[in-house]
Amino acid sequence: MPAVRKRPFGLVLLALLIMLILVGVGALGAAEVWSTTLKRERETELLFIGNQYRRAIQEYWKMSPGRRAYPPSVDILLTDNRFPNPVHHLRRVYRDPMTDTGEFEPIMQANAMVGVHSVSTDAPIKHAGFPPWAQQFQNAESYAQWQFIFLPPGAQLSPNGATQQPGINQGSPLTPSQGPAPGVPVPQVPSGR
């Protein structure tokens with residue numbers, strides 16, 4: 001009777017287990033790279049969307065008849081009825097790409113919207129290479145500190161968040177709000193600029 005040779009099944013199983021572990025470690029590394037790539041794309045989208053809000057507020061301010069004024073809410077940026085033909089400063093209400101709710105928080109001063117910001121407390125990846133209007137984002141510790149604010153020429157934002165320009169409520173800090181107060185007068189900026 002010929003001798004029957006047994007195959008080394010234990011060795012094959014061990015090699016298969018090691019291969020599965022290596023594939024799992026590689027998949028984890030790929031998932032982390034994918035997650036970072038997605039976060040960078042959402043940061044780019046946040047910069048684009050935030051700039052759309054900032055530019056819409058600027059356009060509203062520049063087109064204000066008589067004395068310059070900030071909009072009281074996002075809705076006014078969508079349809080500005082101050083003119084015979086409604087003006088659309090903002091094409092649509094954009095979603096915040098950094099949060100699940102997708103809502104930006106308006107930055108209000110004297111019941112007027114001067115900007116928006118994300119409510120995300122996540123730390124940003126990007127810390128350099130911002131456009132000139134966003135240089136203040138370089139030292140931000142969270143996306144909530146990326147505040148997309150329009151300030152008129154000559155106005156400045158002091159460290160405590162107050163604007164430094166006549167006619168915009170001296171010393172009144174820019175503070176996040178759950179929304180504008182409808183029907184409240186908008187602060188006026190001198191039209192001589």
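Which residue in the turn of the hairpin formed by S2 and S3 has a positive phi? In this predicted model, local features need pLDDT of at least 70 and side-chain atom pairs count only at pLDDT 80 or more, while totals for chains, interfaces and linings use all residues. Residues are numbered from 1 along each chain as its sequence is written, and side-chain values use heavy atoms, with hydrogens and water left out.

The residue in question is Ala110, with a phi of about 50°; two residues lie between S2 and S3 in this hairpin. Strands are DSSP runs (E, at least two residues), numbered from the N terminus, and two of them pair if DSSP finds at least two bridges between them. Strand S2 (residues 105–109) pairs with S3 in the antiparallel sense over five bridges, and Gln109 stands opposite Ala112 in S3. On S3 there is also an antiparallel pairing with strand S4 (residues 147–149), over three bridges; here His117 stands opposite Gln147 in S4.

Six of the six residues of S3 (residues 112–117) are buried, so this strand is largely enclosed by the rest of the structure. Buried denotes under 20% relative accessible area, exposed over 50%, and partly exposed the range in between (1.4 Å probe, protein chains only). His117, located in S3, is buried at a relative accessible area of 5%. Its side chain reaches the backbone oxygen of Ala144 at 3.3 Å.

Aromatic pairs were assigned to rings of Phe, Tyr and Trp (its six-membered ring) with centres within 6.5 Å; planes under 30 degrees apart count as stacked, over 60 as edge-to-face and the rest as tilted. The count by this rule is 11 aromatic pairs. Trp133 and Phe137 form an edge-to-face pair, at 6.3 Å centre to centre and 90° between the planes. Trp133 is partly exposed, with a relative accessible area of 24%, whereas Phe137 is buried at 0%. The rings of Trp133 and Phe148 have centres 6.1 Å apart and planes at 50°, so this pair is tilted. The latter pair links distant parts of the chain, 15 residues apart: Trp133 belongs to the loop between S3 and S4, and Phe148 to strand S4. Phe148 is buried, with a relative accessible area of 0%. Ring pairs link Phe130, Trp133, Phe137, Tyr143, Trp146 and Phe148 into a cluster.

Charges also sit over rings (NZ of Lys or CZ of Arg within 6 Å of the ring centre and within 35 degrees of the ring normal). Lys126 lies over the face of Phe130, at 5.3 Å from the ring centre. The charged end of Arg68 is placed over the ring of Trp61, 4.8 Å from its centre.

Terms used
Helices (H or I, at least four residues) and strands (E, at least two) are DSSP runs, numbered from the N terminus. A polar contact is a pair of N or O atoms within 3.5 Å; within protein, one must be able to donate a hydrogen and the other to accept it, and residues adjacent in sequence count only if both atoms are side-chain atoms.
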